[in-house]
Amino acid sequence: MRAVALSPGLPPPSAPARGELHLRLVDLREAAGVERGLRCVLSRDEIERAARFQSEGARSRFVLTRAWLRVILSRCLDTTPERISFSLGANGKPALAEEWRHRALSFNVSHSEGYALIGLATGRAIGVDIEQVRPMPDFAEIASGYFSEAEMHAITALPEADRLRGFFRCWTRKEAFMKATGDGMAIALDAFSVTLDDNAERSISISDPRVPHGDAWSVTGLALVPECEAAVAVEGS
């Protein structure tokens, strides 16, 4: 697995080989200086979506994340960023449009406050999530309402001072898995369990047979920046 910080430089001009993941961390605060120049690579639909954001900060993060995604994909596909086109799966997961499908390149994107995380894989699905660890007084109540019994036990077993970070660690791993499958919130959050232990033999276990391909996925936590928890989920190991 290769992690590359993008801002302000360009990514290498190559797609991940089969069996390899590329992860790109974008510091959106550093990239803000080139936002105006990056807008020109967006589609009309993306520009319209950006205009609907009420918050200037949210609008800027959307523009920068989408533009960097286009730049990264164009380097992998040997084309220009504005030529990239997308389609949506049955549950809204974005993918490359039909004209690019022969390259078997999959991607996923997440952003939280000052950072965006972009994951790339060839020949298999991928999902990523990044969340800034922030105060959340009701995190224990949220966890008990949505997390599995095994996940709740893992969080409460942590020292009290570490439980909030444990909540975000669990959340990002679950979110990455749901995004990778393409089923999103169609999967019940307590229908599967992720582990908070990076040395565990299995990173995910399924309690509901309706969850697809449960034993064919891997979920891994990512230590990218101290203020965030992040994770990647991928088909296979």
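Student: In which helix does Glu-151 lie?

Tutor: In this predicted model, Glu-151 belongs to helix 6, which spans residues 149-156.

Student: Is Glu-151 buried or exposed?

Tutor: A residue counts as buried when its relative accessible area is under 20%. Glu-151 has a relative accessible area of 1%, and is therefore buried. Apart from neighbours within four places in sequence, Glu-151 is in contact with Cys-170, Lys-174, Leu-189, Phe-192, Ser-193 and Val-194.

Student: Which residues is Arg-103 in contact with, leaving aside its neighbours within four places in sequence?

Tutor: These are Cys-76, Leu-77 and Thr-122. With Cys-76 there is a further detail: a polar atom of the Arg-103 side chain lies 3.0 Å from the backbone oxygen of Cys-76.

Student: Which residues touch the most other members of the largest nonpolar core?

Tutor: In soluble globular proteins, nonpolar side chains tend to be buried together. Here the largest nonpolar core has 26 residues, and those touching the most other members are Val-26, Trp-68, Leu-73, Leu-96, Ile-118 and Leu-120. Helix 1 (28-31), helix 4 (56-77), strand 5 and strand 6 (115-122) each provide at least two residues of this core. Helix 4 gives the largest share, eleven residues.

Student: How many residues does the second, separate core have?

Tutor: The second core has 24 residues, including Phe-139, Ala-143, Met-152 and Ala-180.

Methods: Residues numbered from 1 in each chain as written. Predicted model: local features only at pLDDT ≥ 70, side-chain atom pairs only at ≥ 80, totals over all residues. Heavy atoms only, no water. Contact = heavy atoms within 4.5 Å. Polar contact = N/O pair within 3.5 Å; in protein donor to acceptor, adjacent residues only side chain to side chain. Helix = DSSP H or I, 4+ residues; strand = E, 2+ residues; numbered from the N terminus. Buried < 20%, exposed > 50% of the residue type's maximum accessible area, 1.4 Å probe, protein only. Core = buried A, V, L, I, M, F, W, Y, C linked by side-chain atoms within 4.5 Å.
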